[in-house]
Amino acid sequence: MTMTAGAATIKAVKVKGAIPVDPGNLFWSERYGPTALKHVIIDMDPQMITNPMWPNPQTKYVFVKAATNGKEIAVHLTWLDPTRNDIMVRSQQYKDQAAIMFPVNQSGEEPPFTMGGEGERVNIWQWKATWDKEGAGSSGNVGMQDVEDQYDNMVMGSGSYYIYEPNGKLQMSSELKSGQSGSKDSRGKGGVHNGGVADISKRGSMVDFGMGKNEGVFNPGRATHNMLSDASMRRSPVEDLNAEGFSTLTTQATQNVDGAGNWSNSKWSVVFKRAMKTKDANDTQFSGGKTPMAIAIWNGQNKERNGQKAVTQWQTLQY
């Protein structure tokens, strides 16, 4: 165990066999397994470089360790958080999140740790507590939280949140070109969309029984294959992104980062895992034995989002 206030070196433990993505697995235990007592404690700093600045983030430090089997690399984070914020459907709610960042170009000087810079692309892996709760990578759109999950006995009608969905022209996954991804909903004969509320005239009650889970053509984000709206496009609770400076964050077309989070005893533990090498030019390739790595953490209870977060400058991940 090492504690540092400056730049730290996280030495990935070399193991044989599969690396579990479950942060509660004994593999990641502090008492047992190959990664026991291998963590580094890194101080988190307030984001005070660009507006909106955030002088007092909730998270003050994070426990970091890593492992590699030569084919995959995984990073494990643990930090204190007395409140679990993994539901965000009301405007008053904010979610817990964590991210790690690497330069895409592993040669030359480090890019700015402020999400890279023009021509200095970074690869960001961002874990979202909401995606974890919704079963990203396994449950599809069925698991997505909606307004009905916060308000019981929602009634539909002319003033309702939901609208009856007529026959639509939502593009289905079977119609997409090779390499594209989109809604996994289906249509029956004649192009009738199978999701949504069904026929209002045949309903015996005006009480909402889950019709918001699939809004089809009335959900523009899902109809245009936006991962933030279409959970079936998510590989895991970790979003694979790129940036070249503030306000340039972009979701990658190919998602290949696995991950999972676990909240217990007022702490979050999160694992990020990916293959050491991929065929995606927008990915960081782990081949040189070490790489700069930066960390960011958002506390939902403290209303942290976007640039309002706790951050680190570049650390070193050795593998």
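Reader: In β9, which residue is the bridge partner of M101?

Author: This is a predicted model, in which local features need pLDDT of at least 70 and side-chain atom pairs count only at pLDDT 80 or more, while totals for chains, interfaces and linings use all residues. Residues are numbered from 1 along each chain as its sequence is written, and side-chain values use heavy atoms, with hydrogens and water left out. Strands are DSSP runs of E, at least two residues long, numbered from the N terminus, and two of them pair if DSSP finds at least two bridges between them. β8 (97-103) and β9 (122-128) pair in the antiparallel sense over seven bridges, and the partner of M101 in β9 is I124.

Reader: Which residue's backbone oxygen lies 2.9 Å from a polar atom of the side chain of T284?

Author: T284 sits in the loop between β13 (267-275) and β14 (290-298), and T284 is buried, with a relative accessible area of 0%. Leaving aside neighbours within four places in sequence, T284 is in contact (heavy atoms within 4.5 Å) with residues including F102, V104 and N123. The backbone oxygen at 2.9 Å from a polar atom of the T284 side chain belongs to P103.

Key. Helix = DSSP H or I, 4+ residues; strand = E, 2+ residues; numbered from the N terminus. Buried < 20%, exposed > 50% of the residue type's maximum accessible area, 1.4 Å probe, protein only. Polar contact = N/O pair within 3.5 Å; in protein donor to acceptor, adjacent residues only side chain to side chain.
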